[in-house]
Amino acid sequence: MAVRAVLLTGFGGPERLEYRTDVADPRPAPGEVRVRVAATALNNADIWTREGAYGSPRDPSSNAGWRREALRFPRIQGADIAGYIDEVGSGVPGSRIGARVLVDPMIYDGGERELVENEYVGSERDGGFAEFVTVPAGNAHQISSSLSDAELATFPTAYTTAMRMLNRARVQPGETVLVTGASGGVGSALIQLANVRRAKVVAVAGAAKRRQALELGAIAAIDRHTTDWVAEVAAVLGDQPVDVVADVVAGPAFTDLLRLLRPLGRYVVAGAMAGPLVETDLRTVYLKQLELIGSSFGSHEDFAQMIEHITAGELRPLLAATYPLHELAAAQERFVAKDFFGKIVVLPGE
C-alpha cells in the first residue's frame, strides 16, 4: 500500500520538500509500533535540518544535520507526533493497538551520554509529515487528555527541550529565570514549566508578543531590541538578582546576559537563533564563578515528566495555526516568518 508523505530531497529551501502519494507503507520492525499520524508540529530543527544549518565542527558554514554530519536523503521530517497505534511489531503486545499516543522523538538506549548521540525522529529516521510512522514501542507514550490531537502535537520537542534546560540548570522554587526568545516554542514552554516549579520568569520577546508572555505567567517582559539589558532588567526586578538565564537566542546579547547573572549564577543554552558565534569577557565568567551549561533536546526522563504535567492539566497548548500535509512548504515558510505565537501543526488527515 502506498501512503502520502512529504519528502525532504536534500539541503536547501522549501523547494526541496516534495509532496508524494506513492511512498512505501512503513511497517514496524520487532519491538516497534506503527502510528497513524493525527498531527505533527513544526520545530526550528525542521528548518535548520532542511537548510543543513548546523555546520560541522571543523567548518561552521558547511551543510550538516544536528549531529553535525551528513544526512541521508530522501527523508521525511517531523518530530512532534500525536496519533494512534495501528500495528505492532513482534514482541509488542497487540493490546497496544488503538492507543492514543504522543511520540518521544529521541531514539536512544542507555543514559544521558547516549542522548547526545541519539537518532532524532525526522532527521536520522523518518518522521511524522506522513500518514504513518514507525518508532520503538517505548517511544510511543499512551496519553489520556481532553486536548485535541493538534494541541497535543505542540508539546514534544519544545517542552522536553525546555524541561531539560531547567533540569540541567537545577531551577528551584523562588528563583528568578530570564528567558530569551520567549515567544517561540521553547521560550514559551520555559515560561510555563518554570511556573510549574514556582520559579519567577522575566521574559524577553518582541514588542508585539510581550503581552502573550505575561499572560503565560511571566512576572515581567522586556523588549528583545533593548540596547541596555542590565538597566531594563534592573527596572523590573530592582535589587532582586537573576539566578538563571535560559537562552535560545545567543548572538550579540550573550555578554549582557552573563552580566545579568548573580555570582554563582547559571547560564543554560539550547539554541542560537541570533548567531552561534559569540564573544565575551571570560573574566565575567570566572570572577563571578558562573556555570555555562549546554543543553539539547530532552531525555526519556524529561519526556515522561512532561507527560505527567500534560495529564495533570498543568500546561497550556499554544496552537497558532494548522496546515494540511500537502501545504508543508507553506507551513515552513510561515514558521520562518515568526509572525505568530505558539506552534504551527500539520494535519496529515486533511
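This is a predicted model: local features need pLDDT of at least 70, side-chain atom pairs count only at pLDDT 80 or more; totals for chains, interfaces and linings use all residues.
Residues are numbered from 1 along each chain as its sequence is written, and side-chain values use heavy atoms, with hydrogens and water left out.

Let me begin with the second largest pocket. A pocket here is an open set of points, on a 1 Å grid over the protein atoms alone, where a 1.4 Å probe fits and where protein lies on both sides within 12 Å along at least five of seven lines, and lining residues have an atom within 4 Å of a point. The volume, meaning the space filled by probe spheres set on the points, which are joined across faces, edges and corners, is about 220 Å³ for the second largest pocket. Its lining has 17 residues, and Val23, Ala24, Pro26, Ile76 and Asp126 lie nearest the centre. Strand 1 (2-8), strand 2 (17-24) and strand 8 (132-136) each give at least two residues to that lining, where strands (E, at least two residues) and helices (H or I, at least four) are DSSP runs numbered from the N terminus.

Now to Arg100, which lies in strand 5 (residues 100-103). Is Arg100 buried or exposed? Its relative accessibility is 15%, so Arg100 counts as buried, given that buried means under 20% relative accessible area, exposed over 50%, and partly exposed in between (1.4 Å probe, protein chains only). The side chain of Arg100 also makes a polar contact with the side chain of Asp149, at 2.9 Å; such a contact is a pair of N or O atoms within 3.5 Å, where within protein one must be able to donate a hydrogen and the other to accept it, and residues adjacent in sequence count only if both atoms are side-chain atoms.

Next comes helix 4, which is mostly covered, with 11 of its 13 residues buried, including Pro156, Tyr159 and Leu166. Just after helix 4, Arg170 takes a positive phi of about 55 degrees.

I will end with some loops. The peptide bond from Phe73 to Pro74 is cis, with omega near 0 degrees, and Pro74 is found in the loop between helix 1 (44-51) and strand 4 (80-88). Phe297, in the loop between strand 15 (291-294) and helix 10 (300-311), has a positive phi near 55 degrees.
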